[in-house]
Amino acid sequence: MLGSITPLGERGRGSRWWLTTSAYVVGSIVGGAAMGALVGVLGTVAFISLGLGSRLLVLGVAIVAGLLLDAGAFGLRLPTVHRQVDEAWRTRYRGWVWGLGFGLQLGTGVVTIVTTSLVYATWLAGALTADVPAAVAIGLVFGLARALPVFGVARVHRSDQLLRVDAVLARLAEPSRRIAVAAGSAVACVALVGAVRW
């Protein structure tokens, strides 16, 4: 995704990077907020009668199960859709249109390939609040966090710079995965301890 929205690429398409990027960030935040609202509404139906301890237990167990799926335990794989954003949009539409469209899709986290169970855990956490404004807040943060990495390519004006960014991303892939597993494990532990306490 980062290679799709660079000053280099947008200049080549006759678009302004700042406009495409702004639309992408707004789209991602709106997509996250919309997804948060959806899971919040579902949560008010599904989880409103559960006490805090039960909600924390569900979240903790779901995160552990998801991390096991991420690791390929028992030969199982994480369920996901098998589609990406449509790259043809970049040549078919103005930069702000495809930026907004990419952002909306990626901000939901689930309409394109899901690479970590922590995306599902985020939406489960939103639903478990059983509170629409709280779930929307979770969605806003998710959408913003999903969009911020685009600023890592703000200085890519030449192809050699893009290749360097790709190399850095490749080097960071495994450490990032480890950090995500550690963070997910920590949240699961806190949730499970909280479940016992409440």
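How many helices and how many strands does the protein chain have? It has eight helices and zero strands. Helices here are DSSP runs of H or I with at least four residues, strands are runs of E with at least two, and both are numbered from the N terminus. Read from the N terminus on, the order of elements is α-α-α-α-α-α-α-α.

Before going on, a word on the source. This is a predicted model, in which local features need pLDDT of at least 70 and side-chain atom pairs count only at pLDDT 80 or more, while totals for chains, interfaces and linings use all residues. Residues are numbered from 1 along each chain as its sequence is written, and side-chain values use heavy atoms, with hydrogens and water left out.

Now the chain as a whole. Its C-alpha atoms fill a box of roughly 55 × 35 × 25 Å along the principal axes. The accessible surface is about 10800 Å², and 70% of that belongs to carbon and sulfur atoms. Those areas come from the Shrake-Rupley method with a 1.4 Å probe, and for residues only the protein chains shown count as cover. Of the 198 residues, 37% are buried. Buried means under 20% relative accessible area, exposed means over 50%, and partly exposed is in between, with a 1.4 Å probe and protein chains only. As for contacts, meaning heavy atoms within 4.5 Å, take those between residues at least 6 apart in sequence: 76% of them join residues at least 24 apart.

Next, helix 8, which covers residues 159-197.

Which residues of helix 8 are buried? They are Gln161, Leu162, Val165, Gly184, Ala188, Ala191, Gly194 and Ala195. These buried residues pack against helix 3 and against helix 6, residues 117-128.

A salt bridge is a side-chain nitrogen of Lys or Arg within 4 Å of a carboxyl oxygen of Asp or Glu, and a search of the whole structure finds six. One of them joins Asp160 and Arg164, at 3.2 Å from N to O. Both residues lie in helix 8, four residues apart, about one turn of the helix. Asp160 counts as partly exposed because its relative accessibility is 31%, and Arg164 does so at 47%.

Further along, Glu174 meets Arg177 in a salt bridge at 2.7 Å, N to O. Those two are three residues apart in helix 8, again about one turn. Glu174 is partly exposed, at 33% relative accessible area, as is Arg177, at 46% relative accessibility. Glu174 also meets Arg178, at 3.6 Å, N to O. Arg178 and Glu174 are separated by about one helical turn, because they are four residues apart in helix 8. Salt bridges that share partners also make one network of Arg158, Asp160 and Arg164. The background is that an α-helix has 3.6 residues a turn, so residues three or four places apart point the same way.

On to helix 5, residues 95-108.

Not counting residues up to four places away in sequence, Leu104 touches Gly27, Ser28, Val30 and Gly31. For a sense of distance, Leu104 and Ser185 are 81 residues apart in sequence and 28 Å apart in space, C-alpha to C-alpha.

Last, the surface. Val64, Leu68, Phe74 and Leu76 form a nonpolar patch there, with about 420 Å² of accessible area together. Patches are made of residues with over 30% relative accessible area and no salt bridge; like charges are joined within 9 Å, and nonpolar side chains (Val, Leu, Ile, Met, Phe, Trp, Tyr) within 5 Å. Val64 lies in helix 3, residues 52-70, and counts as partly exposed, at 38% relative accessibility.

Key. The expected span of a helix is 1.5 Å times one less than its number of residues.
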